[in-house]
2 protein chains.
Amino acid sequence: MAKNEAAKGTAKTAITPTRAEDYPEWYQQVVRAADMAENSPVRGCMVIKPWGYAIWENIQRELDTMFKETGHKNAYFPLFIPKSFMEKEAEHVEGFAKECAVVTHHRLVAGPNGGLVPDPEAKLEEPLIVRPTSETIIGAAFAQWVQSYRDLPLLINQWANVVRWEMRTRLFLRTTEFLWQEGHTAHATEAEAREETMKMLGVYATFARDFMAVPVFEGKKTESERFPGAVDTFCIEAMMQDRKALQAGTSHFLGQNFAKASGIRFQTKTETEEFAWTTSWGVSTRLVGAMVMSHADDDGLVLPPRLAPTHVILLPVYRGDETRAQVDAYIDALAAELRGQRLGERRVEVEVDRRDIRGGDKQWEWVKKGAPLRVEIGPRDVEGGMVMVARRDRPVKEKTSLPRGEFVAKVVEILEEMQAGLLARASAFRDEHTHVVEDKAAFEAFFKAKGDKEIHGGFALAHWAGDARVEAELKDRYKVTVRCIPSGGFAGAPWADALVGEGRCIFTGQPSPQRVVFAKSY
Amino acid sequence: MAKNEAAKGTAKTAITPTRAEDYPEWYQQVVRAADMAENSPVRGCMVIKPWGYAIWENIQRELDTMFKETGHKNAYFPLFIPKSFMEKEAEHVEGFAKECAVVTHHRLVAGPNGGLVPDPEAKLEEPLIVRPTSETIIGAAFAQWVQSYRDLPLLINQWANVVRWEMRTRLFLRTTEFLWQEGHTAHATEAEAREETMKMLGVYATFARDFMAVPVFEGKKTESERFPGAVDTFCIEAMMQDRKALQAGTSHFLGQNFAKASGIRFQTKTETEEFAWTTSWGVSTRLVGAMVMSHADDDGLVLPPRLAPTHVILLPVYRGDETRAQVDAYIDALAAELRGQRLGERRVEVEVDRRDIRGGDKQWEWVKKGAPLRVEIGPRDVEGGMVMVARRDRPVKEKTSLPRGEFVAKVVEILEEMQAGLLARASAFRDEHTHVVEDKAAFEAFFKAKGDKEIHGGFALAHWAGDARVEAELKDRYKVTVRCIPSGGFAGAPWADALVGEGRCIFTGQPSPQRVVFAKSY
Ligand SMILES: [Zn+2]
Ligand SMILES: [Zn+2]
């Protein structure tokens, strides 16, 4: 196994293959080695294991706080959507009714050969769809809740599971069932709804940068990549370490489309009746995958401290039974002191790993799980009042001996430094692999890989005149799409100026209002 | 409307009908008037509105803390269960495969008359069941995770939605989809698994008393009421204000049944291979219903402060525009001071209701929502440095003028007093309507209502020899069941002694080891 080889120094990395050798397989192995998730016996659905789920819980808590601070309240709507609801909004049907889980019966009975079969007598009059997204069912509720301008704005969020039938799945990145939040709001005016759409896009971008340590482009989707039924879709786009783009969150201005489909009407101050203006916005467990692919290295997961379930893992090194009690007492006292410190709103989370397994294996397990700080403590440390600290953002073998008091005093500073360091590294990577592309030949060269598994390309900033046929052709020929028409997330980047100003499409020569971001993507 | 009549003093209560008039309808009206939940267009599924969901979030947070403090970690398992998994455990199939949502197709296509129909070409080879509970799918995961005694105990919890097809539903109490948590653990020995089962029953009982302010019997279910596939089922049972019992939580000792069905084997220290011993335990959004029916009164919801989304609602009383700014400033400063106080781990939650609606209506809205403290503040209060405080556990018209500083200093004490008061009142009610019943005639008299809607009966403590036929007959004739064979939750009650000691079944004369709790139930 890679783990033991690494521990013995016969291999250079704990994860096989490395990123350079086979990026997609490296990703799967990182997730597995960190014990975050696994495939389940249900096709396309994953089991999120405790370490992965704890990261999601941290994401949830921080986002939930941001949603509540911006005036939203949580609610819960049914898992099932009547088929007729999906049929109400024409584009929405096209986008979501296709690959979904359809409930047709409400009972099983014993079949002819002993097993269970759907009871023909319990066939539903109208099939139910397991929600792929909840615009239609929430729209039906909003239509009841909204009567007057006094009921607006209505600012609701839901944390839920959703199902979109997928043929090719990858843990966290694309699964048939996934966990997410979906914000749904209704407003009296278009301006207010547009402001909400951009505000929540901003919340996502802030969260990505400040918590996930992932820099993101903020921008608008082209028509072809719009949410089915939306007037405008906005997104945040991050660059993974294979230089592909990953859409990490979306915010939709739905205009009055869903209000009309669901009948969300209100009486204005002047007693006329109007349709409300609605928005929706969401992020999902995909964020966990984005975080992995942004920061993990060839030794496994690397966690931004603000989202790490455990900040400090304490590893006792026992030397015989006599000193065991002393080591344990020293560790317990240290753990208590560390837990008294605060990283933002959270206390510093400390875990003690007393399992009776080889010290080397134990060390490597926590490297692969991405715990920010590993602290070894043996009898000599106890005697000298010291701790031996290893940081996950430094080479695995690099350890620093620190006086215990100094470590306690500095732990929050170190964690903040690591958090900032991860963002700086990811930003430098993104900026380095974002190129201004001036013509078709350069575009083609940029997106052409030399071999099967070569990591290549990146974000190309190029003029494009909005022609959907060009878009389709690029997608077909290079698997490259317009990730967004960027409006933010790039201030200070070396190529930032290139995103301002008109030009001519590098494919058609037609006038283009600004450069857009092209990339291969997840 | 009842609300306005009550405000005007022409009716005595804000909720119509009252408990005495029509208890089931009163319940629905309380839930509606508090704006907690409503029926959805999906048969049997509810929409949990922000006020109801915030209560559930508080329940979740407190329980989650208790689960983590007892060593459990959260994870997430698939929504869908392959049909074959349900077939693995014979009793389990009988109990759960019957009324469930069956997914048979993974695509919709345009049908002959324009609408969408399940695509015959996308029929699943094996139908999927929307989880009614997750023993089987989690068992499959545990079988992979557990190899050695070193992997045990495995202590996992999941927060999730589940679906059990129900014909007759009531908001929170019985719905086709509901939210819950399900703990699932695996242990090396029977003793450990039994200890876990009882520990979690204890956690539920503590939560019910300390947070919900609901006294509960803890005990064992009879064979006929056991969880399908369990060896023993334990429960907590609460008395509602109509004197019926409500099962508020269950904890199951599953023996090796599910370990055998799922193949959860481990290597022991002595290198033999054994099946693990498993448990499962759960509570659901039903708890919200239990809380309503325990404390609400004929004016609406009454919330135990520890679970209330808002502790103090501040209600400005403006008298003309000149003093408006002063009132607002006074309220903002007061809100900040109050939020600086802590009720347990939570800060004191304060909301300011500045909506431009009639003061009387506003007051009654918060009465019906069960906010613990309503505080009115007008220009005269500002001048005198006073606040006008109304407690939800006192008559609606009773208001006390207090110096602002005194109120801030006392607010936590008042809330704690209210919390304790609700528990004391619910305990007195439960104790009063729990009767020792010595013979069949008394039993019959106890459970016979004089009219259709008379609130009658309660908990009957009687000897019973364990005869399932007697149980079935009582259920059939009186709709009365054995709620539990009690082991705790009654210390100090006037009839506590009656629960200890042998006797003879009041129906058959056969020897009985102890009295059991009979009641009608939800
Ligand atoms: Zn480059
Ligand atoms: Zn009585």
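This is a predicted model: local features need pLDDT of at least 70, side-chain atom pairs count only at pLDDT 80 or more; totals for chains, interfaces and linings use all residues.
Student: OK, changing topic. What pLDDT does chain A average?
Tutor: Chain A averages 95, and 98% of the residues score at least 70. For the model, ipTM is 0.96 and pTM is 0.96.

Student: Where does pLDDT stay under 50?
Tutor: Over residues 1-10 of chain A. For that stretch the model has 18 contacts beyond four places in sequence.

Student: Now the interface. How many residues of chain A are in contact with chain B?
Tutor: 62 residues of chain A, and they touch 62 residues of chain B. The two chains bury about 5,000 Å² between them, with 67% of it on carbon and sulfur atoms.

Student: Which residues in chain A lose the most area there?
Tutor: A:Y76, A:L108 and A:L116. Together they make up 13% of what the chain A side buries.

Student: How many salt bridges are there between chain A and chain B?
Tutor: Six. One of the salt bridges pairs the side chains of A:K73 and B:E351, at 3.8 Å from N to O. There are also 32 residue pairs in polar contact across the interface of chain A and chain B.

Student: Which strand of chain A gives the most to the side that touches chain B?
Tutor: Strand β5, residues 99-110, which puts in 10 residues.

Student: One more spot: where is A:I81 found?
Tutor: In strand β4 of chain A, which covers residues 80-82.

Student: Buried or exposed?
Tutor: A:I81 is buried, because its relative accessibility is 0% and the cut-off for buried is under 20%.

Student: So what is A:I81 in contact with, leaving aside neighbours within four places in sequence?
Tutor: Its contacts include A:M86, A:P127, A:L128 and A:I129. Also among them are A:R131, A:P132, A:T133 and A:I137.

Student: And what separates the C-alpha atoms of A:I81 and A:L415?
Tutor: 45 Å, for two residues that sit 334 residues apart along the chain.

Note on methods:
Residues are numbered from 1 along each chain as its sequence is written. Chains are lettered from A and ligands numbered from 1 in the order in which they are written. Side-chain values use heavy atoms; hydrogens and water are left out. pLDDT is the predictor's confidence in each residue, from 0 to 100. Contact means heavy atoms within 4.5 Å. Buried area is the accessible area (1.4 Å probe) that two parts lose on being put together, summed over both. A salt bridge is a side-chain nitrogen of Lys or Arg within 4 Å of a carboxyl oxygen of Asp or Glu. A polar contact is a pair of N or O atoms within 3.5 Å; within protein, one must be able to donate a hydrogen and the other to accept it, and residues adjacent in sequence count only if both atoms are side-chain atoms. Helices (H or I, at least four residues) and strands (E, at least two) are DSSP runs, numbered from the N terminus. Buried means under 20% relative accessible area, exposed over 50%, partly exposed in between (1.4 Å probe, protein chains only).
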